[in-house]
Amino acid sequence: MSGRATVQFTVNGKHYAADVEPRTTLVDCLRHDLKLTGTHVGCEHGVCGACTVILDGAAVRACLMFAVQAEGADIVTVEGLADGDRLSPLQASFRKHHALQCGFCTPGILTTAHTLLSEEPDADADRIREVLSGNICRCTGYVQIVEAVLDARAAYKQKWAAAL
Amino acid sequence: MTAVRNVYIGQEIERTEDFRFLTGRGTFVDDYEPTGLLHAAILRSSVAHGRIRKIDASAAIKMAGVHAVITAADIGEKIPTIPIRLAPIKGLERYLQPVIATEKVRYVGEPIAVVLAETRAIAEDATAEIELEIETLAPVPDWRVAETDSTLLVEQNGTNVATRYAVGSGDADAAFAIADYTRREFFHAHRHTAVPMETRGLVAEWDAANERLVVTGATKVTFFNRRALAAMMQMPESAIDFIEIDVGGGFGVRGEFYPEDFLIPFAARMTRRPVKWIEDRTEHLQAANHSREIDCELEIACRHDGTILALRGRIHGDMGAYTRTNSGVVPAKAAQFLHGPYRIPAVKFDVAAYMTSKTPIGTYRAPGRFEANFFRERLIDMAARDLNIDPVEFRRKNLIATNEMPYSIGKLVPYENESAYDSGDYHVALEKCLAAFGWQEKKNLQGRNIDGRYHGLAVTCFVESGGAGPRENVRMLLERDGRVTVAIGSSVLGQGLETVFAQIAADALELPFEAFRVLHGSTTLLDEGFGTYHSRAVVMGGSAILDGAKNLLSAIRAAASLQFNCRADEVSIDGGKAKGPDGRTLTFAALAAAAGPISANGTFANAQRTFSYGAHAAHVAVDARTGHVAVLDYVAVEDVGRAINPALVHGQTLGAVVQGLGGVFLDHLIYDANAQLLNASLADYLLPTATDFPHIRGVTLELHRSPSNPLGAKGAGEGGMVAVAATAANAVAAALSSFGVQPNDLPLSPPRIWQLLRDAASGRQRAP
């Protein structure tokens with residue numbers, strides 16, 4: 001409990017240094033030390049997925065990591081998905097398909113789906129459901145979320161094609 | 001040129017809310033962090049029933065960073081109790097909850113002390129340092145124990161039976177005496193709850209110089225809650241502002257007045273510092289309202305041909321330890337909605353509510369309805385089978401016909417007047433459901449065993465009420481830039497109402513959708529508001545907007561008449577412009593720039609409920625080896641009267657069905673014999689995930705508008721939920737008909753189904 005630690009990492013392309021208690025979770029550090037409140041906390045025990053961020057390319061639960069474990073990491077949160085005020089194709093697809101209601105779980109669902117499609121732009125509905133089964137949404141029943149992710153695949157395929 | 005009228009209502013417009021939610025720019029309560037904040041953590045009872053012998057916070061107070069510890073002793077001579085908001089049934093008022101435990105604790109999770117510290121972590125650490133001695137008393141784990149009065153939760157009341165009453169219409173006993181056929185069954189709807197993704201939370205700020213209080217994070221019924229808090233804190237209402245910001249789901253549970261809604265503002269006044277409390281998930285599962293837990297004994301009387309003659313039943317409601325704001329809504333509505341969408345000449349229901357040493361009961365989406373439909377529709381399928389009548393035909397025979405509307409069901413709720421279903425074609429809704437589901441095509445699967453999985457189909461019918469009164473209010477303001485601000489008393493808990501209200505207002509004022517800004521919920525906006533519950537926001541709030549728009553147009557005419565030097569009735573309005581008799585025109589923006597902002601109030605009052613209705617159908621496959629039920633297809637059909645934004649109505653339906661299926665197969669608050677809650681984490685309390693119920697379909701109908709409001713809306717939040725237990729359980733029963741098992745106890749979890757099959761194989765009967 002005692003003592004402080006300094007941790008440095010990159011969030012959404014910006015370098016941050018934070019002075020935290022060693023027991024501070026990554027999500028609390030992001031939200032309360034860095035004031036990046038887009039990432040949400042739903043259960044604090046790794047079940048609901050609301051706190052999911054992209055850490056060195058992997059979707060991870062920021063409530064299950066200590067901030068100090070993220071030393072040197074490259075982190076992307078929901079705030080880093082849009083290009084300024086222009087929604088990413090995935091975000092725009094969520095709006096088009098009404099894939100959110102209260103919006104509380106949405107940051108974790110977007111980061112999870114973005115990670116999935118970045119790796120598997122051909123993911124089918126079953127695969128999308130499998131990967132999103134670690135994110136709880138209480139509003140939508142998931143149907144429109146899956147439709148939105150399916151519809152966003154084209155943009156990720158283009159990105160892949162361009163990278164080849 | 002005439003403006004195109006009514007262009008936004010009925011369109012699947014993208015939501016105005018979504019940009020901020022998708023980019024992480026929403027503001028939920030834990031995102032709000034005023035400077036100088038103290039963080040609260042609450043010490044809660046770990047004992048279900050006990051007498052507090054000692055609370056010693058001296059060690060906690062000495063901890064670095066701890067500012068104060070509040071217990072009952074700090075609050076004053078008289079500990080305030082939480083008032084009843086709805087359903088004042090005589091007897092329940094004797095069990096109101098004190099805002100903090102005094103001599104006794106009566107459920108696991110009851111607040112005992114509040115720690116205020118510089119960080120949340122320190123506050124939580126300090127709760128562990130409070131020395132607490134509780135003498136354990138015998139628990140009251142369920143209504144059967146409660147009824148014996150062997151252990152009393154509130155000694156001075158002399159009983160744990162909070163209320164008993166009887167309601168009915170016609171002569172049910174006489175009908176039963178002469179009926180060709182009767183059947184009686186026992187059913188159980190289990191305790192579970194809404195679990196919104198955002199836990200509860202509040203930030204209270206005390207302005208000592210002006211003796212004002214601002215509470216941020218309020219929702220649902222902010223004006224009622226402010227009134228309650230003002231009385232408890234002995235402050236004028238106008239000295240308290242309740243501010244509604246983004247809310248991560250409610251589903252009935254969030255936004256009622258809870259003990260914390262007093263404790264956190266009280267702490268802010270006491271410490272003269274802003275105080276934040278954010279509930280953790282375990283607290284949420286222990287302390288926020290639970291719901292459902294109803295036992296029902298139900299009897300049906302029919303003719304040989306399946307004509308229903310009467311229903312008779314007993315409802316036993318386990319209310320938990322205290323009466324909260326919703327009082328007896330759950331058992332009362334569980335009784336009322338037993339009548340359902342059928343022509344039933346006589347009904348008689350006995351209702352009893354019991355206090356037990358568990359978390360208090362409140363409303364969760366479709367309160368009482370989810371349970372009542374399950375009880376009645378299960379019994380109807382059993383009766384149809386006994387009488388050798390196709391269950392669809394049985395329903396067709398008994399559904400109320402259009403020409404019987406409005407159809408009175410009599411006075412089935414002690415605190416309400418006689419109710420009458422307002423409008424609808426219940427038969428068409430059933431046929432549309434059967435068609436959408438493909439009943440004919442799937443029928444031959446009924447009861448078949450395909451590779452060890454037994455297939456079952458079911459269809460059920462429901463009626464659902466919405467649009468609770470008494471009023472809703474709105475204030476509409478034409479700003480200098482020509483945009484219109486709509487300030488409404490309805491609350492928003494994630495449904496997309498900012499969009500829906502703008503659609504209604506845009507049509508009414510014939511302005512572009514983008515011209516509107518919707519403010520909602522906060523007590524700073526209006527003198528009086530009634531909030532969002534009972535599928536009332538569009539019915540009441542939307543209708544108030546129509547009135548507000550009409551009044552705003554009058555005010556615009558009046559303002560324009562001064563500019564045009566004419567009479568107000570000589571001003572015509574067309575597409576955002578006022579036009580004088582001499583042909584001069586002024587845009588609304590130019591008018592407001594010249595005349596100043598123009599405002600008008602609107603209100604809509606209504607004592608009549610709306611009644612949406614519809615049918616659900618399900619196709620399940622039950623694995624007899626594991627008891628697992630796969631939902632292969634599910635169709636929910638509901639006539640909502642008027643769908644303002646069909647995409648949002650569709651989302652409500654799909655979300656409600658999946659929540660409902662969770663309530664059938666997964667969600668379950670499990671208590672042991674000591675009334676200890678065993679699964680207060682999301683690792684143990686199961687909620688539907690994306691892989692559980694992928695095959696969900698919804699069909700929104702707009703067949704019959706409600707005659708009771710100018711929009712014709714019937715409300716749309718709960719119809720996807722009401723018949724889910726009924727439909728899913730009937731499908732499971734149909735699948736397992738060859739075993740003769742009756743799934744009458746929720747939840748239908750794999751071990752339960754497996755046990756039913758095992759009992760059937762060994763010839764054992766289920767005890768009631």
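Predicted model: local features only at pLDDT ≥ 70, side-chain atom pairs only at ≥ 80, totals over all residues.
As for handedness, H3(A) and H4(A) cross in a right-handed way.

Who is doing the touching there? From H3(A) you have A:Ile109, A:Thr112, A:Ala113 and A:Leu116, and from H4(A) you have A:Ile128, A:Val131 and A:Leu132. Sorted by class, the residues in that contact come out as 6 nonpolar, 1 polar and no charged.

Now move along to the next pair, H4(A) and H5(A). Here the angle is about 120°, again with a given axis distance of 10 Å. H4(A) and H5(A) are therefore oblique to each other. The crossing of H4(A) past H5(A) is right-handed. On the H4(A) side the contact uses A:Ala125, A:Ile128, A:Arg129 and A:Leu132, and on the H5(A) side A:Ile145, A:Val146, A:Val149 and A:Leu150. If you're keeping score, that contact has 7 nonpolar residues, no polar ones and 1 charged. And do look at A:Ile128 and A:Leu132 on your screens: they are in the H4(A) contact with H3(A), and they turn up again in the H4(A) contact with H5(A).

Is A:Tyr142 buried or exposed? It counts as buried, because 28 C-beta neighbours fall inside 10 Å; the cut-off for buried is 20 or more.

Next, the two chains together. How many residues does each chain put into the contact? Chain A puts in 41 residues and chain B puts in 43 residues. On the chain A side, the elements giving two or more residues are helix H2 (89-96), H3, H4 and helix H5 (143-163). H2(A) gives the most, with 4 residues. By class, the chain A side has 20 nonpolar, 14 polar and 7 charged residues.

On to the core. The largest nonpolar core has 314 residues, and those touching the most other members are B:Ala40, B:Val115, B:Val486, B:Ala505, B:Ala728 and B:Val732. Helix H16 of chain B, residues 537-564, supplies the largest share of this core, 13 residues. Zoom in on B:Ala728 for a moment: leaving out residues up to four places away in sequence, B:Ala728 touches B:Ala618, B:Val620, B:Val631, B:Leu661 and B:Val664.

B:His534 sits in the loop between strand S22 (516-520) and H16 of chain B. Phi of B:His534 is near 55°, positive in a residue other than glycine. B:His534 is buried, since 25 other C-beta atoms lie within 10 Å.

Then the cis peptide bonds. One runs from B:Met405 to B:Pro406, with omega near -10°, and B:Pro406 is in the loop between helix H12 (391-398) and strand S16 (407-410) of chain B. Another runs from B:Gly469 to B:Pro470, with omega near 0°. B:Pro470 is in the loop between strand S19 (453-466) and strand S20 (471-478) of chain B.

B:Glu129 is in the loop between helix H4 (120-127) and strand S6 (131-136) of chain B. With 18 C-beta neighbours inside 10 Å, B:Glu129 counts as partly exposed. Beyond its neighbours within four places in sequence, B:Glu129 contacts B:Ala59, B:Ala60 and B:Met63. B:Gly575 is in the loop between strand S23 (572-574) and strand S24 (577-579) of chain B, and B:Gly575 is partly exposed too, with 14 other C-beta atoms within 10 Å.

That's the tour, thanks.

Technical notes. Residues numbered from 1 in each chain as written. Chains lettered and ligands numbered in written order. Left-handed = near helix turned anticlockwise from the far one by under 90°. Contact = placed C-beta atoms within 7 Å. Nonpolar A, V, L, I, M, F, W, Y, C, P; charged D, E, K, R; others polar. Core = buried A, V, L, I, M, F, W, Y, C linked by C-beta atoms within 7 Å. Buried ≥ 20, exposed ≤ 12 C-beta atoms within 10 Å, placed from the backbone. Axes fitted to C-alpha atoms, helices over the stretch in contact; angles between N-to-C directions. Parallel < 35°, antiparallel > 145°, perpendicular 65-115°, else oblique.
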